[in-house]
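Hi,

Here's the structure I said I'd pass on to you. Have a look at it first, and then read my notes below.

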Amino acid sequence: MTSLTSVSDDLTFALSNRHFSYVFGVTPEGHLENIYYGGALSDPLNAPLHYRRITRHAATIFEDSPNYSLSDMPQDYPSSGRSDYRYPAVGGVNADGNSVFSLAYVSHRTVLEKPALPDLPSARGGGSESLIVTLEDALQKLRVELIYTIWEDYGVIARSAQFENFGEGDIQLHQAFSTALVFPADAYDIQHFHGTWSREFNEERIAVPQGRFVVESARGTSSAAHSPYVALLQKGASETQGRCYGTTLVYSGNFSIQVETGEFGNIRLLAGINPTNFRWLLKAGTRFSTPEALHGFSDKGLGGLSARWHDFIRDKLSPARFKDRPRPTYINTWEAAYFDVTEEKVLALAEKAAAIGIEMLVLDDGWFEGRKDDQSALGDWRADRVRFPSGIPALAAKVKAKGLKFGIWFEPEMVSPNSQLFKAHPNWILHVPGRKPSLGRNQLTLDLSRTEVQDYLFTALDDILSCGDIDYVKWDMNRNMTEVGSGALPPNQQLETAHRYMLGLYKLLGRLTDKYPEVLFENCASGGNRFDLGMLSFMAQGWVSDMCDPIGRLPIIGGASYLFPMDVLAAYIGPSPNHQNGRISSIRTRFNAGAFCAARGVSLSEAEIDAHAAEIRDYMAFAKETAGDMLGGRFYRLKTTETETLWQYVTADEATVYLAYFHILSAPNLPFRRAYFTGLDPLADYKLEEDGEIYRGDALMQSGLPLPQVSTGQSSSKIRYMPDGDFSSHLFVFRKT
Ligand code: GLA
């Protein structure tokens, strides 16, 4: 491996591979200056500086350098109080009671083994180099180690900051961002994703404004309201062209990603823990680690950037042991029966599922003691004796005897006021003195910062998982946090609770996934209320949304796909009329919307299965047969308009190409449109399975495939030439010959 990091004698640092170069250096005054971030340079140490020392009539702290002002300088990790008026990466109150910090370069080192972050998940090293730059505030005795990691094969850089108080007085950290980037003055757009329950991952693109643009969460989860992802796009960037810079966090709690245009046009990006309601008491002699931030880059547009993220997340973040394991097709009891589950019903559903070729049964909410609706019992993780008389291990064994795998739902972080757990430990919830805790979905949040809570939950789940017949766990979390305080912390550390909660959650997840490496965990938080790389580093897949109407789910999968590979997504055929938006749609379109998600299944009542048994059997057979294809491939968003969505998926071995076409509203005499493929072998021939026609790769890419007016699958009209209603779709399969 050629060296990925280099350092010049005058302390310019470069991290460079074939995808990008990132260059920064130490100014004569000792500050870290960002020099360049973008496409790979052949000689990165000689990148021209983008900061020019000219008089800006700004305050300067250096008498010898009157033209040097922090108000304009592109700093790689800015602090506060010394002539830089932009939002700082690090700030707080020092032992003297003021908020002036000044960090200067002290040393650096390069290591081949990526340093692990204490108590926090982070991307895996290997084929990587990490440059660690140490800065110090000599007066306030604050040391900051900035870790920069680059991998040989990926277009992603990881950053984090480690704080150490090496003085005698305490420091209160208010801002402790993981990273700061600087972009030279130019025209950029911001791409970000917002939403709510059942409408996650709506894309918005806006011009970078003057002032500060912030997406953040203060809900205790990374949240569906603003996903922890922001991309800066060169003005005019498209799916295939333009420089695109994405930033995300390996973190699942309160985050903030900010984009600030300074008075001289430079753009600063910060990402890390949300400073609102956050304080960390950095006592003398202690350390604090920020979560890891990831920056992805491509000069080949948003599609290029997605490809960089997908490769990286699959190989370096998602649990390695599931990387190449095809996901089983499954039936989930939730939309089939909601809370009305009994052993008898589950076994009947299992029977039915086995008959139509489904491979796993997932018992969702409603199985534990006293849980008849969402009013009670969270926390009491024992099977309800009346409805599940044999208990979970025996049920799992019975389901397995029918040839299915068995999965089960938990919502471990929660407790119902009406539960034995709450009665025994009322102090185990997040709360503040003197205030009645707010309820969310009739439940309270356990204080996972407490070790005894972590231990209780570990034992409760271990009791069930240890039977050895559980193949899958759906880990849910169904409310936002309020009255965030801990009975275990003193008043001056209460604002550490939300972050300590995350550390506790990660610890618990680490213990469980270490003990049960074969169990497939799925991340869920009312759908996508915590769909982030922190959770996905423990769990190989996620339930991105409760929206199961296919037309409602399309933009959610499309939005999530900017960052996440299909490998981590799950989708099922839900009921029609749909329970979230009332839409009626065909089984065909319900399947096709999730056709490229690695995990596919159904959540249907016995009656609805009976009504469509043959069709569902065919789709589940197709899902089983193609399960391996949906891992490791390339996903392309060919077209997204109000009336049409066109997605292409090329398998990792490039032997099969799928095209999914959705036509939202029907109309007569529509123009015949074309699908312009991408990423094919121009000289290879591709055979369309349904009619055996052969197309040359270059023709599919240049001339395009004429698209049919597609079918919902509900009438007998000829698939390719007659529209037969709204919400129609067609899935094409091409094999390379
Ligand atoms: C959340 C999840 C659903 C389901 C229910 C059960 O809403 O997102 O998929 O598991 O909880 O209560």
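Let's start in a loop: S223 sits in the one between β13 (211–216) and β14 (226–234). One thing to keep in mind as you click around is that this is a predicted model.

Most residues other than glycine have a negative phi. Is S223 buried or exposed? Its relative accessible area is 3%, so it counts as buried, the cut-off being under 20%.

Y338 is another non-glycine residue with a positive phi, here about 50 degrees. You'll find Y338 in the loop between α2 (334–337) and α3 (343–355). Y338 counts as partly exposed because its relative accessibility is 27%, which falls between the 20% and 50% cut-offs.

Then there's a peptide bond to check out. Most peptide bonds are trans. The bond joining S576 and P577, though, is cis, with omega at about 0 degrees. P577 belongs to the loop between β29 and α10 (587–593).

**A well-covered strand**

Now jump to β9, which spans residues 156–165. How many of its residues are buried? The count is 10 of 10. Both faces are covered: V156, A158, S160, Q162 and E164 are buried on one side, and I157, R159, A161, F163 and N165 on the other.

- Strand β8 (residues 142–151) runs antiparallel to β9, with nine bridges between them. I150 has I157 of β9 as its bridge partner, and a hairpin of four residues connects β8 to β9.
- Strand β20 (residues 292–298) is also antiparallel to β9, joined to it by four bridges. Here R159 is partnered with A293 of β20.
- Strand β19 (residues 287–289) makes three bridges to β9, again in the antiparallel sense. Q162 faces S289 of β19.

**A parallel sheet**

For contrast, look for the open sheet of eight strands, where the pairing is parallel. Its order is β28-β27-β26-β23-β22-β21-β30-β29. Which strands are at the edges? They are β28 (541–542) and β29 (570–573), each of which pairs on one side only. Inside the order, β21 (residues 330–332) and β30 (residues 599–602) run parallel and share two bridges, with Y330 standing opposite G601 of β30.

**Around the ligand**

There's a ligand too, with 13 residues around it; D364, D365, R441, K474 and D546 come nearest. By class, this shell holds six charged, four nonpolar and three polar residues. Which contacts does the ligand make through its oxygen atoms? One oxygen is 2.7 Å from an N or O atom in the side chain of D364, and an oxygen is 2.8 Å from an N or O atom in the side chain of K474. There's also an oxygen 3.1 Å from a polar backbone atom of G527. On its own the ligand has 310 Å² of accessible area, and the protein covers 96% of that.

Finally, find H730 in strand β38 (residues 728–736). H730 counts as buried because its relative accessibility is 5%. Its side chain makes a polar contact of 2.9 Å with the side chain of E690.

Note on methods:
Residues are numbered from 1 along each chain as its sequence is written. This is a predicted model: local features need pLDDT of at least 70, side-chain atom pairs count only at pLDDT 80 or more; totals for chains, interfaces and linings use all residues. Side-chain values use heavy atoms; hydrogens and water are left out. Buried means under 20% relative accessible area, exposed over 50%, partly exposed in between (1.4 Å probe, protein chains only). Two strands pair if DSSP finds at least two bridges between them. A residue is near a molecule or strand if one of its heavy atoms lies within 4 Å of it. A polar contact is a pair of N or O atoms within 3.5 Å; within protein, one must be able to donate a hydrogen and the other to accept it, and residues adjacent in sequence count only if both atoms are side-chain atoms. Accessible areas come from the Shrake-Rupley method with a 1.4 Å probe; for residues, only the protein chains shown count as cover. Ala, Val, Leu, Ile, Met, Phe, Trp, Tyr, Cys and Pro count as nonpolar, Asp, Glu, Lys and Arg as charged, and the others, Gly among them, as polar.
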